[in-house]
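Trainee: I have a structure open and need to describe it. Can we go through it together?

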Amino acid sequence: MTETPSHGLLLRLAGPLQSWGTHSKYLRRDTARFPTRSGVVGMLAAGLGREREAPLDDLTALSMTVRVDRPGRVLSDYHTVGGGLPADEKVITVEGKRRSESKGTLVSKRQYLADAAFTLALTSNDAELLHVCAAALRDPHWPLFLGRRSCPPEGPILVGTVEDPLHHLVQLPLATKRPRRGPQPTDFYSDRPLGVLPVDSDAPDRGDGDHHSGEVSDEPVSFAPLERQYRPRPLYRRAVHLPDATYAGFGTGYLEKLQTYIDTHFVKPERSTR
């Protein structure tokens with residue numbers, strides 16, 4: 001069994017809209033149902049102020065586990081590009097020419113996740129890297145967004161720096177109400193086996209999470225504008241029934257319970273003297 005890192009960051013990704021593309025090309029922009037590694041690594045790189053051509057090896061070494069607090073719903077946007085522009089400003093074709101007046105408007109279909117919320121654990125044995133990433137999320141060099149620039153987060157992204165991050169990922173309050181139809185499993189997605197999740201073994205569960213359920217091409221190799229590259233990586237999924245006390249509702253009620261958990265379990269970072 002792969003060793004589980006004992007250090008990690010906990011992140012909260014929530015906002016009116018999110019979009020985590022996996023097969024986006026040209027005029028069709030999809031979204032996965034959960035944050036992708038490429039999207040989160042890109043967010044860290046933005047916070048650190050890295051240029052698009054900069055190496056990503058240290059950031060891609062971080063392991064990522066996602067808890068789906070609210071799955072949201074997929075929203076499709078009818079989007080147009082290039083309409084009404086002068087002839088010398090029309091969209092350029094693959095031959096390097098300007099599109100004609102009759103074909104100047106392009107229709108783009110873009111997908112978003114509406115009203116979704118996720119809690120993430122980024123884990124590593126490199127405590128210094130985690131420290132640097134945490135500082136970048138608190139005070140980012142460039143603005144942070146949830147997959148696309150049009151999707152800002154609704155609040156601070158960093159929840160805290162912790163020991164035993166998977167324990168806290170299971171225990172942190174869920175940003176949703178308890179379902180009226182009774183207990184429902186909470187989905188976890190990861191790039192490593194999920195049999196190590198510290199959950200009650202007597203609780204009903206869908207799968208042990210130790211066998212990957214497929215592959216997703218969201219492992220970034222390069223963000224260079226003309227040389228973007230991604231490679232596939234295994235996707236592990238586990239659906240777990242969490243205790244009723246974990247459900248914290250919405251709005252200020254959830255935020256108060258989250259803050260109480262943070263104050264009780266996390267060591268507060270030292271304040272800057274600047």
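Mentor: We will take the overall make-up, then a few residues in turn. Keep in mind that this is a predicted model.

Trainee: How many helices and strands are there in the protein?

Mentor: There are five helices and 11 strands.

Trainee: And how much of the protein is buried?

Mentor: Of the 274 residues, 44% are buried. The protein exposes about 15400 Å², and carbon and sulfur atoms supply 51% of that area.

Trainee: What share of the contacts comes from residues 24 or more positions apart?

Mentor: Counting contacts with a separation of 6 or more, 78% are between residues 24 or more positions apart.

Trainee: Let's have an example. Where is Val66 found?

Mentor: Val66 is in strand 3, which covers residues 63-70.

Trainee: Buried or exposed?

Mentor: Val66 is buried, because its relative accessible area is 2% and the cut-off for buried is under 20%.

Trainee: What is Val66 in contact with, leaving aside neighbours within four places in sequence?

Mentor: Its contacts are Phe34, Pro35, Phe118, Thr119, Leu120, Asp187, Phe188 and Tyr189. Take Thr119 from that list. Thr119 and Val66 are 53 residues apart along the chain, and their C-alpha atoms are separated by 6.0 Å.

Trainee: New topic, rings. How many aromatic pairs does the structure hold?

Mentor: It holds three. One of them is formed by Tyr261 and Phe266, and that pair is edge-to-face. The ring centres are 5.9 Å apart, with 85 degrees between the planes.

Trainee: Why does that count as edge-to-face?

Mentor: Because planes over 60 degrees apart count as edge-to-face, and here the angle is 85 degrees.

Trainee: Are Tyr261 and Phe266 buried or exposed?

Mentor: Both Tyr261 and Phe266 are buried.

Trainee: Which charged end sits over the ring of Tyr112?

Mentor: That of Arg148, 4.9 Å from the centre of the ring.

Trainee: What about Arg238, where is that found?

Mentor: Arg238 is in strand 11, residues 236-240. Its relative accessibility is 10%, so Arg238 counts as buried.

Trainee: Which backbone oxygen lies 2.9 Å from a polar atom of the Arg238 side chain?

Mentor: The backbone oxygen of Leu194.

Trainee: Is Cys133 buried or exposed?

Mentor: Cys133 is buried, because its relative accessibility is 1%. Cys151 also has 1% relative accessibility, so Cys151 counts as buried.

Trainee: Last topic, backbone angles. What is phi of Asp115?

Mentor: Phi of Asp115 is near 60 degrees, which is a positive value in a residue other than glycine.

Trainee: Where does Asp115 lie?

Mentor: In strand 5, which runs over residues 106-124. Asp115 counts as partly exposed because its relative accessibility is 47%.

Trainee: And what is phi of Asp164?

Mentor: Asp164 is not a glycine either, and its phi is positive at about 55 degrees. Asp164 lies in the loop between strand 6 (158-163) and helix 4 (165-171).

Note on methods:
Residues numbered from 1 in each chain as written. Predicted model: local features only at pLDDT ≥ 70, side-chain atom pairs only at ≥ 80, totals over all residues. Heavy atoms only, no water. Helix = DSSP H or I, 4+ residues; strand = E, 2+ residues; numbered from the N terminus. Buried < 20%, exposed > 50% of the residue type's maximum accessible area, 1.4 Å probe, protein only. Contact = heavy atoms within 4.5 Å. Phe/Tyr/Trp six-rings, centres within 6.5 Å; stacked < 30°, edge-to-face > 60°. Lys NZ or Arg CZ within 6 Å of the ring centre and 35° of its normal. Polar contact = N/O pair within 3.5 Å; in protein donor to acceptor, adjacent residues only side chain to side chain. Areas by Shrake-Rupley, 256 points an atom, 1.4 Å probe, with all protein chains shown as cover.
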